[in-house]
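Subject: Handover of a structure and the findings on it

Dear colleague,

Please find below the structure that I am passing on to you. My findings follow directly after it, and I would ask you to read them with the structure open.

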Amino acid sequence: MNMPSKLLLSALCLGALPFAQATEFEDFGRVVRVQPQVEQVNVPRQECRTEYVQVQQPAQRSAGGSIVGGIAGALLGSQIGGGHGRTAATAAGAIAGAVVGDRVDNQNAQPGAVSEQAVKQCRTVDHWESRTNGYEVTYDYRGRNYTSIMSFDPGQRVRLRVSVEPMQN
């Protein structure tokens, strides 16, 4: 046998070694019990309600008194003094007249109407839900019980991967 053939044969033997030591096959076990694994999860939610509150509307004010009072005050102020003093007196008379005119015109103004306004009130409340996050499955295989956590309920029987290996001393 030549050298490349010996190397190829050696590589094949080494590659087959794990198969000679271990064997895997599929089988089924009988399900004895399935216990759902349940957890409590908080899923907050908003609860809202509408309340109605009384709102005072602002009184309707007239600007006519301010305008007339300002003009009258300016005319009166312009009659006082001379030069820059007359200009200052005219401005002061206009301001004072506008204030007095506004007060006289709006002294009997009625407060605005009262109306109801909807106000939305919201708050976050806890909402707990039960969620299944897996199953504790107990099954019988060849007279012995085994337990495993699974992501699904397997039904009456569970598919198993069985591995057989020789014991190493």
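Five salt bridges are present in the structure, which is a predicted model. One of them joins Arg-159 and Glu-26, whose closest N and O atoms are 3.5 Å apart. Arg-159 belongs to strand β6 (residues 157-164) and Glu-26 to strand β1 (residues 23-42), so this pair ties together parts that are 133 residues apart in sequence. Both Arg-159 and Glu-26 are exposed.

Another salt bridge links Glu-51 with Arg-49, with 2.7 Å between the closest N and O atoms. Glu-51 has a relative accessibility of 28% and therefore counts as partly exposed. Arg-49, with a relative accessible area of 49%, is partly exposed. A further salt bridge is formed by the side chains of Glu-129 and Arg-131, at 3.5 Å from N to O. Glu-129 counts as partly exposed because its relative accessibility is 28%, and Arg-131 counts as partly exposed at 41%.

Which charged residue is buried yet has no salt bridge? The residue is Asp-140, found in strand β4 (residues 128-141). The nearest side chain of opposite charge is that of Arg-30, 4.3 Å away. The side chain of Asp-140 does, however, reach the backbone nitrogen of Arg-144 at 3.3 Å. Leaving aside residues up to four places away in sequence, Asp-140 touches Gly-29, Arg-30, Val-32 and Asn-145.

Arg-142 is located in the loop between β4 and β5 (144-150). Most residues other than glycine have a negative phi. Arg-142 has a positive phi of about 50°, although it is not a glycine. With a relative accessibility of 69%, Arg-142 counts as exposed.

Ile-67, Ile-71 and Leu-75 make a nonpolar surface patch of about 310 Å². Of these residues, Ile-67 lies in helix α2 (residues 64-78) and counts as exposed because its relative accessibility is 52%. Leu-75 can also be related to Ala-91: their C-alpha atoms are separated by 9.7 Å, and the two residues are 16 residues apart along the chain. Ala-91 is part of helix α3 (residues 84-106) and is partly exposed, with a relative accessible area of 40%.

I close with the protein as a whole. How many helices and strands does the protein have? There are three helices and six strands, and along the sequence they follow the pattern α-β-β-α-α-β-β-β-β. Of the 169 residues in the protein, 17% are buried. The protein exposes about 13,400 Å², and carbon and sulfur atoms supply 54% of that area. Among contacts with a separation of 6 or more, 80% are accounted for by residues 24 or more positions apart.

Yours sincerely

Key
Residues numbered from 1 in each chain as written. Predicted model: local features only at pLDDT ≥ 70, side-chain atom pairs only at ≥ 80, totals over all residues. Heavy atoms only, no water. Helix = DSSP H or I, 4+ residues; strand = E, 2+ residues; numbered from the N terminus. Buried < 20%, exposed > 50% of the residue type's maximum accessible area, 1.4 Å probe, protein only. Lys, Arg positive; Asp, Glu negative; His and termini not counted. Salt bridge = Lys/Arg side-chain N within 4 Å of Asp/Glu carboxyl O. Polar contact = N/O pair within 3.5 Å; in protein donor to acceptor, adjacent residues only side chain to side chain. Contact = heavy atoms within 4.5 Å. Patch = residues over 30% accessible without salt bridge, like charges linked within 9 Å, V, L, I, M, F, W, Y side chains within 5 Å. Areas by Shrake-Rupley, 256 points an atom, 1.4 Å probe, with all protein chains shown as cover.
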